[in-house]
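Welcome! Have a look at the sequence and the 3D view, then read on.

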Amino acid sequence: MAIEIEQPCVELSNVAVSETHGEDSPYFAGWKAYDENPYDELTNPSGVIQMGLAENQVSFDMVEKYLEQHPEASTWGKGAPGWFRENALFQDYHGLKSFRTAMASFMQQIRGGRAKFDPDRVVLTAGATAANELLTFILANPGDALLVPTPYYPGFDRDLCWRTGVKIIPIHCDSSNNFQITPKALEAAYQQAVSTYTKVRAVLITNPSNPLGATIQRSVLEDILEFVTRKNIHLVSDEIYSGSAFSADEFVSVAEILEARDYKDAERVHIVYSLSKDLGLPGFRVGTIYSYNDRVVTTARRMSSFTLISSQTQHLLATMLSDEEFTENYIKTNRERLRKRYEMIIDGLTSSGIECLKGNAGLFCWMNLSPLLEKPTREGELELWNPILHEVRLNISPGSSCHCSEPGWFRVCFANMSEQTLEVALDRIRNFMHERASVNRSLFSNR
Amino acid sequence: MGLGNDQSRRLLSRMAVNDKHGENSPYFDGWKAYDRDPFHPTNNLHGVIQMGLAENQLCFDLIQEWMKNHPEASICTPEGLNQFRDVAIFQDYHGLPKFRKGVANFMSKVRGGRVKFDEDRVVMSGGATGANEVIMFCLANPGDAFLIPTPYYPAYARDLCWRTGVQIIPVHTDSSNNFQITREALETAYNKAQQDNINVKGLLITNPSNPLGTTLDRDTMKSLVSFINEKNIHLVCDEIYAATVFNKPSFVSVSEIMQEVDFCNKDLIHIVYSLSKDMGFPGFRVGIVYSYNDSVVSCARKMSSFGLVSSQTQHMLAFMLLDDDFVNKFLIESSRRLAKRHSLFTEGLEKMGVTCLPSNAGLFCWMNLRSLLEEQTVEGEMKLWRVIVNEVKLNISPGSSFSCSKAGWFRVCFANMDDETVKVALRRIKAFVGKEAEKAKNVIKRRQRSINGLRIISSSSSSKRFDESWAISPHSTHIMSPHSPIPHSPLVKVT
């Protein structure tokens with residue numbers, strides 16, 4: 001939904017008139033198409049199916065059931081007199097202790113207890129969007145750079161760069177090794193910064209990866225840790241999808257590696273987390289920064305004044321997440337349901353002759369349509385994307401919007417719809433591929 | 001754990017290691033004293049009474065009553081649970097339409113229905129703290145400046161400047177005319193900035209004023225609007241205390257002035273608002289940016305991604321703020337209670353000869369203790385303040401923390417406690433003032449004796465007050481947020 005910002009008579013700031021908010025990218029054109037013609041099973045079965053939204057809608061029933069059984073989670077609950085007042089007044093940027101404790105415990109459970117989290121290192125922000133920006137303000141000066149592996153979440157351009165004045169330098173990854181981050185790629189990105197006299201402040205990874213839908217292997221994490229230590233820079237690990245790994249064993253958090261080595265060099269490591277994906281609560285704006293660096297914790301906490309979590313929401317989630325029976329069951333069941341969805345979409349795509357990167361986490365798969373490209377370029381990719389969006393009517397995300405250096409890859413979300421809708425989407429893809437194949441055959445036979 | 005302190009500092013940004021978060025200011029020392037020794041009507045009758053916290057705790061009963069009667073406003077109750085899913089996934093930065101409508105509706109009622117607000121201009125932010133910062137990001141570049149009349153809210157230094165790189169240029173006001181903003185003061189500040197080659201992007205006012213507790217009259221408002229139009233700079237009006245007006249003159253919002261004058265470029269006018277003071281909900285982080293400039297609305301809305309209001313909270317407030325009956329009753333009752341509380345406190349002070357700036361709004365009064373200063377300087381004020389915090393045990397806020405140009409004024413909050421606690425505070429002030437008056441009399445007597453040639457029998461009691469051991473170190477660890485550094489607001493109630 002591109003919004004033109006014209007030069008007004010009285011100047012706004014440079015930040016205000018820049019386009020670093022990123023909303024003019026094609027990524028958002030897909031949203032527009034969906035908004036204008038949204039699919040509905042009953043009322044608009046031929047509308048655009050939203051497959052560009054990484055939301056987790058497969059596990060709401062568990063949260064709803066919990067709330068039904070635990071009225072004390074709400075500020076409407078039968079608490080002591082004055083509970084509402086106390087909650088409404090609470091604006092301490094340390095956050096509710098019970099909530100921080102519950103978050104630390106939840107993060108621990110997701111990692112199967114392989115890493116411990118100290119509630120006093122949990123800093124609360126209104127969503128991971130705010131957490132990533134805040135960390136950038138703390139770790140880098142305007143003009144400095146963060147190294148980020150491609151492909152990456154399109155929103156990083158806004159979150160890390162827009163108001164901070166910091167740049168992203170891509171660490172190029174490609175399909176030759178399943179888009180894994182290599183020491184060579186890390187060094188190349190670093191040298192690119194050096195050659196433009198840009199100071200590198202941190203490496204920022206997303207693990208599990210968005211858009212790849214895959215976890216980063218332990219050996220790669222160790223390589224990255226070794227790299228940031230050698231270069232004396234920070235490591236930010238955005239683990240927002242950590243609870244969406246399909247199996248508990250597959251995800252290795254940087255926290256585990258640090259704990260195993262007794263927190264040596266941990267002061268340069270910071271973890272971002274949120275409940276938007278794992279619990280499917282993006283509206284509640286619950287993000288956290290977990291840092292092993294005391295100064296960063298103190299400063300982040302002070303800065304969080306600009307982006308605190310509603311005390312009403314903290315109260316609700318503190319109650320829910322400190323119920324270990326609930327959380328254990330939720331984490332386990334959520335993983336299974338996501339895995340099932342993933343298998344369903346992979347089966348459907350495979351039977352249509354489409355390959356995907358082998359994934360093991362997240363709310364999406366990374367689909368390879370490069371064989372269908374007329375030209376192996378960004379333009380070729382957008383030319384393929386256009387009919388998928390407007391004719392097949394599926395809003396999927398082109399790899400170029402994720403800064404993927406290899407054209408032809410697309411992120412396809414599968415957890416923000418019912419199974420029936422997913423079937424409809426898979427049918428449409430099947431038909432599309434069928435038509436393509438027959439067109440190719442006729443072209444071939446006409447030669 | 002590895003990195004030395006120095007090395008550690010170098011590895012962080014300049015922003016992270018500077019002092020612009022503001023927490024090293026003495027303003028927060030009073031909070032510390034309170035935290036160490038908080039007043040409690042039964043458990044700690046001699047503790048420090050928190051009078052440095054501008055919170056509105058007078059009307060929670062009304063809100064609780066409403067909530068009891070409207071379980072559908074919660075997404076967790078049986079009545080509201082069916083909304084849970086839709087609300088929980090809603091993260092559109094436009095905000096819930098009903099929420100925006102409710103806010104626009106509320107803002108209009110607060111201004112007596114004299115203005116209508118367009119719900120499509122209502123943009124969310126992380127409290128007014130977030131709103132003020134967002135407005136700066138939209139309007140000014142690093143190094144640009146905003147004019148702000150003194151005295152002003154201490155945390156503006158952080159909110160407007162820390163991450164934005166914007167600077168504040170104070171516009172001095174004086175007690176000689178009740179701290180009113182004069183055209184001369186504006187011009188002086190503006191011209192000085194021009195001479196210093198500083199680019200002034202706008203003027204920011206708080207109306208009703210914190211810490212003065214007064215509203216700007218119509219003529220002054222028109223004069224400010226005229227000034228910014230002439231200079232072609234922005235006007236940001238922080239109207240966070242709009243509904244705390246409890247006496248005449250009634251509140252004149254910049255939105256009303258815009259309707260009355262024809263010379264105003266609407267693209268220059270922006271309002272910052274919040275529910276933290278008017279409704280007493282600081283924990284819910286409901287900040288609003290309302291701009292008459294379409295580009296600013298659009299930009300601020302994109303930026304609101306960094307500080308959206310929880311959809312759970314939006315959902316609840318939509319119900320509450322669209323309940324016309326409730327809102328009408330709430331606004332009337334809230335004003336009435338504030339008026340009563342203000343009277344109780346200021347009349348009590350008057351009886352002991354302590355005056356405050358006449359005020360008609362806010363959750364505090366601006367108290368004049370100039371006659372108690374040993375020296376009419378910031379140091380004199382801080383000495384007096386330390387006595388008040390440590391001996392009289394009242395955490396009030398010294399005027400210097402508000403950049404007040406005259407020493408001896410203090411902001412004293414009165415809406416964050418019950419009537420009995422107010423009376424305890426008044427008794428303490430009375431005792432203190434009485435003691436000070438005695439001491440002053442004795443000093444005069446001694447001086448007279450000395451003039452008559454008698455030896456001074458110096459009592460060392462006065463010097464003990466300023467014992468350095470009571471001085472608060474500028475480097476003491478400050479763990480407090482300027483909002484509420486303590487987990488529990490003083491729920492002081494004499495049972």
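Contact here means heavy atoms within 4.5 Å, and helices (H or I, at least four residues) and strands (E, at least two) are DSSP runs, numbered from the N terminus. This is a predicted model, in which local features need pLDDT of at least 70 and side-chain atom pairs count only at pLDDT 80 or more, while totals for chains, interfaces and linings use all residues. Residues are numbered from 1 along each chain as its sequence is written, chains are lettered from A and ligands numbered from 1 in the order in which they are written, and side-chain values use heavy atoms, with hydrogens and water left out.

**A helix at the meeting of chains**

- The buried residues of H3(A) have cover that includes helix H12 (311-321) and helix H13 (324-351) of chain A, together with H5 of chain B.
- In H3(A), which spans residues 60-69, Phe60(A), Met62(A), Val63(A), Glu64(A), Tyr66(A) and Leu67(A) are buried; buried means under 20% relative accessible area, exposed over 50%, and partly exposed in between (1.4 Å probe, protein chains only).

**Where chain B meets chain A**

- Chain B brings 94 residues to the contact and chain A brings 78 residues.
- About 8,000 Å² is buried between the two chains, 59% of it on carbon and sulfur atoms; buried area is the accessible area (1.4 Å probe) that two parts lose on being put together, summed over both.
- There are 2 salt bridges between chain B and chain A, a salt bridge being a side-chain nitrogen of Lys or Arg within 4 Å of a carboxyl oxygen of Asp or Glu.
- Glu23(B) and Arg302(A) meet through their side chains in a salt bridge (3.1 Å, N to O).
- Several helices of chain B each supply at least two residues of the side that touches chain A, among them helix H4 (60-69), helix H7 (127-139) and helix H13 (311-321).
- H7(B) gives the most to that side of chain B, with 7 residues.

**Chain B as a whole**

- Chain B has 17 helices and 13 strands.
- Of the 495 residues in chain B, 61% are buried.
- Taking contacts in chain B between residues at least 6 apart in sequence, 76% join residues at least 24 apart.

- Over all chains, the count comes to 44 salt bridges.
- Asp120(B) and Arg100(B) form one, at 3.0 Å from N to O; Asp120(B) sits in the loop between helix H6 (97-110) and strand E2 (122-126), and Arg100(B) in helix H6, 20 residues apart.
- Asp120(B) is partly exposed at 46% relative accessibility, whereas Arg100(B) is buried at 8%.
- Arg121(B) and Asp294(B) also meet in a salt bridge (2.6 Å, N to O). Arg121(B) lies in the loop between H6 and E2 and Asp294(B) in helix H12 of chain B, so this pair ties together parts 173 residues apart in sequence.
- Lys231(B) pairs with Glu187(B), their closest N and O atoms being 3.1 Å apart. Since Lys231(B) is in helix H10 (residues 218-231) and Glu187(B) in helix H9 (residues 183-195), the pair ties together parts 44 residues apart in sequence.
- A network of salt bridges links Arg114(B), Arg218(B), Lys222(B), Glu256(B) and Glu260(B).

**A buried glutamine in chain A**

- Gln50(A) is found in strand E1 (residues 49-50) of chain A and is buried, with a relative accessible area of 7%.
- Leaving out residues up to four places away in sequence, Gln50(A) touches Trp31(A), Tyr34(A), Asn395(A), Asn416(A) and Met417(A).
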